[in-house]
Amino acid sequence: MKKLSILVALVALIAACNPYGSEIPTRLVGNYHDINTKEWVLGLYEEFAIYHNDFWNYESVSDNQIALSKKSGEKITLNLKSFDEWGEGESKVFSMFVNGRQVSRYYNESAMKMSLMQEWTIGRGAWDSTTFKKHEYRIDTAVVRLYLRNTAHGASALARRELNRPNDMQVFNYLESKNVTALPLDSTDHYGYCYEFKIPVTGVSELPLRDLFGTDDMGWNSFAGQILNYIVEPGDTLMFYAYEDNLALSATDAYGFKNCSGGSWVYNSERTFIERPEPTAFTTEDLKNGRRYSRKYMDLNTIKRRYLDLSSIDPKSDKLKSVFPINEDEIFSTVTAYNFVINYIKQNADSLPSSPENLAQHPDWIVAENSNGDGAILLDTDYIKSLGLSDDFVEFYRLMHAVQFYDDFSPITPLSDLEKQNILQNIKRADYKAYFEDKMKK
């Protein structure tokens, strides 16, 4: 009750004025996008800046120069010049050059949101012809940072911050579903809060809207969640910004004011600004009508549509025989394709109960969880290879099934010592073996 009283008092205070002050001129506060590509380049806020996908403190501020630093000791200087303003009211725009790059911002974020949506929808956003990184069978890490600016706009915003602050993300990295806890980066967070996730990544992993922006309106693995997710690749560093007015997302309102910079920023911006959430196959007619989609956006959504369609066919149907062999890069480009392949194998491969006798007779078969929760089964590796899938895939598939026995989201009968021994004998890669051994310790 005491906490609620404090919130009420804060609401009244914030409604009356800005109680926190600013280290930079008010006219500079806001988000800056490249005037040509629409890339989010810079965020200047009252207490810190966002630049190069990271948070920076202000060292000094003058009319033409801002010096920034990080706790690590790294420093950088922003040279500002050629200030310009145009428009009126909510459409008023401020422009300047930052280290020689022209950027602009709207004084009103709702106006900026509408302008950027229009720019992207009619094809005046950035064109990106790059493709996804070639899939490597290794466990990597990506960094995802967020600034949720949401504390100065009423009771609901303050309640979100003080009473229901999101601090973990459910990540699916093709090996397992797991919760990754965020590291808070700012203890004051007067205008919002800053934190980062360090997440294990294999392939093109999808980041759920629900966990990124603290909304319970859609599950990460729901149909809406899958088609509206952002993406991250191994080694990426992403920075997200979201504004309170648009944190209450839903399947029909997923285009709140959000920015993304860093790896695959074009794709993630398209996810935010293009009014076309459903995965679909793209045609030349789309492009003739003025829409320009990045290569990643076109490829990934075409793959999603293909595997959503395939998933509706009986896994034992002869119609699916023409699907294989599958390009393994394609399998690890989206959870939609991966789930199809995993389910197809499990429903079609020869299987046996996991008993000491069967383990001895089939020492290279894969130990997997029984779908009915009753012990484990063995899956035929020769069948998997007959689909055209590589030895690397088979070993990854083996590790994935081994990890499932330690998945908090689907508890199952523990592995026997004989089954553990079989798995460790068949896993050759040191990093895979270490990953599995670490799971067994927990």
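Two residues are in contact when heavy atoms of theirs lie within 4.5 Å. By that rule, among contacts between residues at least 6 apart in sequence, 62% join residues at least 24 apart. The model is predicted. The protein has 442 residues, and buried ones make up 55% of them. Its secondary structure amounts to 15 helices and 20 strands.

**The barrel**

Eight strands, 8 by count, close into a barrel in the order β1-β2-β3-β4-β5-β6-β7-β8. The pairing is antiparallel. From one strand to the next, the twist averages 35°. β1 (residues 30–34) and β8 (residues 101–106) pair over 2 bridges, in the antiparallel sense. Asp-34 has Val-103 of β8 as its bridge partner. Helix α2 (residues 109–121) lies across β1 and β8. The helix runs at about 120° to β8.

**The open sheet**

An open sheet of 3 strands has the order β18-β20-β19. Its pairing is antiparallel. The edge strands are β18 (351–353) and β19, each pairing on one side only. Neighbouring strands here are turned by 35° against each other on average, direction ignored. Between β18 and β20 there are 3 bridges, in the antiparallel sense. Ser-351 stands opposite Leu-379 of β20.

**The nonpolar core**

The largest nonpolar core holds 51 residues. Tyr-338, Phe-340, Ile-345, Phe-393 and Tyr-397 touch the most other members. Elements that each supply at least two residues of this core include α8, α10 and α15 (430–441). β19 (366–369) and β20 (376–379) are also among them, as are α12 (381–386) and α13 (391–404).

Phe-393 deserves a separate look. Leaving aside residues up to four places away in sequence, Phe-393 touches Tyr-137, Glu-328, Ile-331, Phe-332, Val-341, Ile-342, Ile-345 and Ile-384. Phe-393 also belongs to an aromatic cluster with Tyr-137, Tyr-174, Phe-332, Tyr-338, Phe-396, Tyr-397 and Tyr-432.

**Aromatic pairs**

A pair of aromatic rings is described by the distance of the centres and the angle of the planes. A search of the whole structure finds 26 aromatic pairs. Two of them are set out below.

| Pair | Centre to centre | Angle between planes | Geometry |
|---|---|---|---|
| Phe-48 and Phe-55 | 5.5 Å | 70° | edge-to-face |
| Phe-324 and Tyr-344 | 4.7 Å | 40° | tilted |

Phe-48 and Phe-55 count as edge-to-face because planes over 60 degrees apart fall in that class. Phe-48 has a relative accessible area of 7%, and Phe-55 one of 12%. Both values are under 20%, so Phe-48 and Phe-55 count as buried.

Phe-324 and Tyr-344 are both buried as well. Their pair links distant parts of the chain, 20 residues apart. Phe-324 sits in the loop between α8 (295–310) and α9 (328–331). Tyr-344 sits in helix α10 (residues 335–348).

**Charges over a ring**

Which residues lie over the face of Tyr-107? Lys-92 is one of them, at 5.2 Å from the ring centre. Arg-105 is another, at 4.4 Å from the ring centre.

Note on methods: Residues are numbered from 1 along each chain as its sequence is written. This is a predicted model: local features need pLDDT of at least 70, side-chain atom pairs count only at pLDDT 80 or more; totals for chains, interfaces and linings use all residues. Side-chain values use heavy atoms; hydrogens and water are left out. Rings of Phe, Tyr and Trp (its six-membered ring) pair if their centres lie within 6.5 Å; planes under 30 degrees apart count as stacked, over 60 as edge-to-face and the rest as tilted. Buried means under 20% relative accessible area, exposed over 50%, partly exposed in between (1.4 Å probe, protein chains only). Helices (H or I, at least four residues) and strands (E, at least two) are DSSP runs, numbered from the N terminus. A charge sits over a ring if NZ of Lys or CZ of Arg is within 6 Å of the ring centre and within 35 degrees of the ring normal. Two strands pair if DSSP finds at least two bridges between them. Axes are lines fitted to C-alpha atoms, for helices over the stretch in contact, and angles run from 0 to 180 degrees between N-to-C directions. A nonpolar core is a set of buried Ala, Val, Leu, Ile, Met, Phe, Trp, Tyr and Cys residues joined through side-chain atoms within 4.5 Å.
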